[in-house]
Amino acid sequence: MSLSNLPNRVPRTPRRSFLKATAAAATTPYFFSATSAFAQETAAKNDRKAIGLIGAGGMGRGNMRSASKWIDVVAIADVDAERRAQANQSLSQGKADVYNDYRKVLERDDLDAVHIATPDHWHTKPLIEAMLAGKDIYCEKPLTLTIDEGKLIRKVQQQTGRIVQVGTQQRSTFPLFVKAIALVQEGRLGRIRRVQAAIGGAPTSPPIPVAEVPQELDWDRWLGPAPKVPYRYTEGGRRGHSNCHYEFRWWYEYSGGKLTDWGAHHVDIASWALHANGQTDGPISIGGTAEHPVEFVAGMPQQHDRYNTATAFQFQVQFPGDTEMIIRHDTDNGVLIEGDKGRIFVNRGKLVGAPVDALKDDPLPEDAIAKAYKGLPMVENGRSAHWATFLHCVESRDEPISDVHSHMKALNICHLAGISARLGRSLKWDDATEQIVGDQEADAMLKRPYRDGYEIEMS
Ligand SMILES: NC(=O)c1ccc[n+]([C@@H]2O[C@H](COP(=O)([O-])OP(=O)(O)OC[C@H]3O[C@@H](n4cnc5c(N)ncnc54)[C@H](O)[C@@H]3O)[C@@H](O)[C@H]2O)c1
């Protein structure tokens, strides 16, 4: 379907609460037209959701396992035949339909939702196509490789009204983060002056030689929209060094490195805290220092046989009203939130600071956590919580806790840090038009070229 033919935002048609149904083991079945035996079996099991998985790597499989009490994975696409076969066995007892081309998943009309867990350079295109195909999607972070892709995703999401949950599961899986946001929202830190996201550094690699493409891998499709380059692999590290599975994170061609890999998590929390404090305008400038394992000229890496994303960095991001965000690699992983009445530090294991200690005598109002969690039900702890919220939103049509708008607010900052790092200079940002001011070379990096045949089709 072309974007110009799309209906306006799909009206909310709340169905029965998924979470209520989960708790009460309700008996009304979901209605979808089942086209495969496994999907029919799934439909027969009350309340289970039929999911199509695109990208059956570490995270795709992990996510499907964490949601396994509610879902059946009835269709699996991966460009690695071994991975899709393994996923079929481990997730679906060998009963799912498997595909090399993810578009086969999107063509099906028997799915309740789609999960996209491909490498970062392969998020935007299938996500947009999935929305246009009328699917609700849980898509792994970061949703984009560029800021312009984010504009497109927001536009299509708004026009299609599809439910899109971003895989920034810190918002659900670790209740300490929600409590931190509640503290900010209730004014316990006063006015927030500074937030700091410490996200760790990134590895280097030795030179990685060109290697034979594994027989099971469709390398050309793995590259997809990215430039056509040879497959590389050498022994070393935990998984071997390569420009493919898992290690794609350390190549600007496929990812933003640590700045988007962990930035998507902690910059998201830092940005959520600013928003909870009423800071709705985005940044006005960003600058800092970054070290790369290879030389960059005009924003492009000059060596092509080793990891190239920033290994060490510190950025200052300036917001209107004398507020700043720091993004750094070199201190305790987590988020420090500083206000004029106190400061707190939060990560996946702890929430500390004087405003936290003060809760003993002055607890948060009863509804503070629920308010911070946008009024969505929180009935699950741990890894499945983000999936529980997503499946609830698929039914209720509520905006998910990790929605595309707030994700883009945070991700724009991560991408700007990446552009600033690659060019080695500070940038000025117009948040209203989402453009870099007075720097054409930097502004041109808001988009990326797509390889022939892998453009994002909008008409
Ligand atoms: N939310 C989190 O905490 C978290 C944690 C880890 C990874 N992730 C994200 O999950 C995504 C996947 O990461 P991973 O570590 O699982 O990587 P991975 O390399 O293990 O898995 C990616 C899979 O996608 C497949 N793939 C590539 N192109 C494809 C295509 N066109 N169609 C179908 N399949 C395709 C690959 O063959 C591979 O099996 C990344 O975007 C990453 O940022 C999120």
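Gln93 sits in the loop between α4 (81-92) and β3 (97-99); here helices (H or I, at least four residues) and strands (E, at least two) are DSSP runs, numbered from the N terminus. Although Gln93 is not a glycine, its phi is positive, about 50°.

A quick word on ground rules. This is a predicted model, where local features need pLDDT of at least 70 and side-chain atom pairs count only at pLDDT 80 or more, while totals for chains, interfaces and linings use all residues. Residues are numbered from 1 along each chain as its sequence is written, and side-chain values use heavy atoms, with hydrogens and water left out.

There's another backbone feature to look at: the peptide bond joining Lys141 and Pro142 is cis, with omega about -20°. Pro142 belongs to the loop between β5 (137-139) and α7.

Now the ligand. Around it are 29 residues, and Met59, Asp78, Asp120, His123 and Gln169 come nearest; a residue counts as near if one of its heavy atoms lies within 4 Å of the molecule. That shell splits into eleven nonpolar, nine polar and nine charged residues. For the classes, Ala, Val, Leu, Ile, Met, Phe, Trp, Tyr, Cys and Pro count as nonpolar, Asp, Glu, Lys and Arg as charged, and the others, Gly among them, as polar. Helices α3 (58-66) and α10 (219-223) each give the shell at least two residues.

Here are some polar contacts, meaning pairs of N or O atoms within 3.5 Å:

| Side chain | Ligand atom | Distance |
|---|---|---|
| Asp120 | oxygen | 2.6 Å |
| Arg249 | oxygen | 2.9 Å |
| His265 | oxygen | 3.0 Å |

On its own the ligand exposes 860 Å², and the protein buries 94% of that (accessible areas by the Shrake-Rupley method with a 1.4 Å probe).

What about enclosed space? The count comes to one cavity of 30 Å³ or more, a cavity being a set of points on a 1 Å grid over the protein atoms alone where a 1.4 Å probe fits but cannot get out, with lining residues having an atom within 4 Å of a point. The largest cavity holds about 40 Å³, taken as the space filled by probe spheres set on points joined across faces, edges and corners. Ten residues line the largest cavity, with Met378, Val379, Glu380, Ala385 and Thr389 closest to its centre. Helix α15 (residues 385-396) contributes the largest share of this lining, three residues. By class, the lining has seven nonpolar, two polar and one charged.

Finally, salt bridges: the whole structure has 32, each a side-chain nitrogen of Lys or Arg within 4 Å of a carboxyl oxygen of Asp or Glu. One of them pairs Asp148 with Lys447, their closest N and O atoms 3.8 Å apart. This pair links distant parts of the chain, 299 residues apart: Asp148 is in helix α7 (residues 147-160) and Lys447 in the segment after α17 (440-443).

Key
1 Å grid on protein atoms, 1.4 Å probe; cavity = no way out; pocket = protein on both sides within 12 Å on 5 of 7 lines; lining within 4 Å. Polar contact = N/O pair within 3.5 Å; in protein donor to acceptor, adjacent residues only side chain to side chain.
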